[in-house]
Amino acid sequence: MAAAAVAEVASDVSGLAYVPVAFAEDVVPGRIKHVQAGNVEIALVSLNGAILAIGDICSHAHCNLSGGYLEGDAAVCPCHGAAFDLRSGAVLEPPARHKLPVYPARVEGDRVFAAVP
Ligand code: FES
């Protein structure tokens, strides 16, 4: 089992290790999908044909962003309404004050891969 998981890890010229996190068909435009890579919780979004990966834990009070909704290029936290830019992780609306991490993501075949630390 561990050997199969390792075999699916790929790296690119940047040296980042990409791990499979979802099937591409499960990342639906207009919705936020929660996935986990190791101990990193990620919110995946399909936006204008691109797959974006942002930290799923709100920097305000730790709610899951994936329980919220999308508003343009932003994800809105379900708990208190903080909004985060999906591409940069920047806070667009309070009460959150700290940006979220964003992760490189790509689709290969039928899978979505994300590079996590
Ligand atoms: S926990 Fe996200 S806005 Fe408060």
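Predicted model: local features only at pLDDT ≥ 70, side-chain atom pairs only at ≥ 80, totals over all residues.
Residues are numbered from 1 along each chain as its sequence is written.

**Backbone angles in the loops**

- His-62 sits in the loop between β5 and β6 (69-71); strands here are DSSP runs of E with at least two residues, numbered from the N terminus.
- Although His-62 is not a glycine, its phi is positive, at about 70°.
- Asn-48 is not a glycine either, and has a positive phi of about 50°.
- As background, most residues other than glycine have a negative phi, and most peptide bonds are trans.

**Around Pro-95**

- Pro-94 and Pro-95 are joined by a cis peptide bond, with omega about 20°.
- Pro-95 belongs to the loop between β9 (91-93) and β10.
- With 14 other C-beta atoms within 10 Å, Pro-95 is partly exposed.
- Leaving aside residues up to four places away in sequence, Pro-95 touches His-60, His-80 and Ala-82 (contact means C-beta atoms, placed from the backbone, within 7 Å).
- Ala-83 is 12 residues from Pro-95 in sequence, and their C-alpha atoms are 8.7 Å apart.

**The open sheet**

- An open sheet of 4 strands runs in the order β3-β4-β5-β10, with antiparallel pairing (two strands pair if DSSP finds at least two bridges between them).
- Its edge strands are β3 (33-37) and β10 (102-103), each pairing on one side only.
- Strand β5 (residues 50-55) is antiparallel to β10, and 2 bridges link them.
- Across that pairing, Ile-54 stands opposite Val-102 in β10.

**Strand β12 and its partners**

- Strand β2 (residues 17-23) meets strand β12 (residues 111-115) through 5 bridges, and the two run antiparallel.
- Phe-23 has Arg-111 as its bridge partner in β12.
- Strand β11 (residues 105-108) also runs antiparallel to β12, joined by 4 bridges.
- Val-107 finds its bridge partner in Val-112 of β12.
- The hairpin of β11 and β12 has 2 residues between the strands, and Gly-109 there takes a positive phi near 60°.

Methods:
Buried ≥ 20, exposed ≤ 12 C-beta atoms within 10 Å, placed from the backbone. Contact = placed C-beta atoms within 7 Å.
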